[in-house]
Amino acid sequence: ALLKLSVSDLYQLFNDVPTTQLPRELCTSNISLVDIIVKSKAASSNNEVRRLIQSGGLYINNIRVESASEVMSPDNHMLKDSITVIRTGKKNYYLIKWI
């Protein structure tokens, strides 16, 4: 469902969630999703991210992250080439704006 929304719709939908701006170069530098999640402040430590993944409580663009070794990929983890939506648990949303 998120893929069908425009960039402006995504910003409007997630306008009140914590948002972090990160440089687009991080996406193409083989950085792990664990590191991206910590940089986005959706989790405070690598261990917290790993626990979320093990318990099935971490989602990128509403797709569950299955492995702590997963690497950030623009094709798989970016919406409209500029946004990533992170969800931890059932209701905690975070947004990354790629600049």
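This is a predicted model: local features need pLDDT of at least 70, side-chain atom pairs count only at pLDDT 80 or more; totals for chains, interfaces and linings use all residues.
Biologist: How do you know how many helices and strands the protein chain has?

Modeller: Helices (H or I, at least four residues) and strands (E, at least two) are DSSP runs, numbered from the N terminus. By that rule the protein chain has four helices and five strands, and the elements follow one another from the N terminus as α-β-α-α-β-β-α-β-β.

Biologist: Why does the radius of gyration of the protein chain agree with that of a compact globule?

Modeller: The radius is taken over C-alpha atoms, and the globule rule is 2.2 Å times the number of residues to the power 0.38. For 99 residues a compact globule would have a radius near 13 Å, and the protein chain has 12 Å, so the value agrees. The C-alpha trace spans about 35 × 30 × 20 Å along its principal axes.

Biologist: What makes β1 and β3 edge strands?

Modeller: Two strands pair if DSSP finds at least two bridges between them. The five strands form an open sheet with mixed pairing, in the order β1-β5-β4-β2-β3; β1 (19-22) and β3 (63-64) each pair on one side only, and they are the edge strands.

Biologist: Why is the pairing called mixed?

Modeller: In general, strands of a sheet pair through backbone hydrogen bonds, either parallel or antiparallel. Here β1 and strand β5 (residues 92-98) pair in the parallel sense over four bridges, with W98 of β5 as the bridge partner of L22. Strand β2 (residues 58-60) and strand β4 (residues 83-88), in turn, run antiparallel and are joined by three bridges, with R87 of β4 as the bridge partner of Y59. Both senses occur, as the word mixed says.

Biologist: Why is I53 called buried?

Modeller: Buried means under 20% relative accessible area, exposed over 50%, and partly exposed in between (1.4 Å probe, protein chains only). I53 has a relative accessible area of 8%, and therefore counts as buried. I53 lies in helix α3 (residues 46-54). Contact means heavy atoms within 4.5 Å, and, leaving aside neighbours within four places in sequence, I53 is in contact with V34, L58, V65, E66, S67 and A68.

Biologist: Is S73 buried or exposed, and what makes it so?

Modeller: S73 has a relative accessible area of 19%, so S73 is buried. The residue sits in the loop between β3 and α4 (74-77), and S73 touches C27 and M78 when residues up to four places away in sequence are not counted.

Biologist: How do you know that H77 counts as buried?

Modeller: The relative accessibility of H77 is 5%, and therefore H77 counts as buried. H77 lies in helix α4, and its contacts, apart from neighbours within four places in sequence, are L33, I60, N61, E70, V71, M72, I83 and T84.

Biologist: How many of the 99 residues are buried, as a percentage?

Modeller: Buried residues make up 43% of the 99 residues in the protein chain. Among contacts between residues at least 6 apart in sequence, 58% join residues at least 24 apart.

How values were computed
Residues are numbered from 1 along each chain as its sequence is written. Side-chain values use heavy atoms; hydrogens and water are left out.
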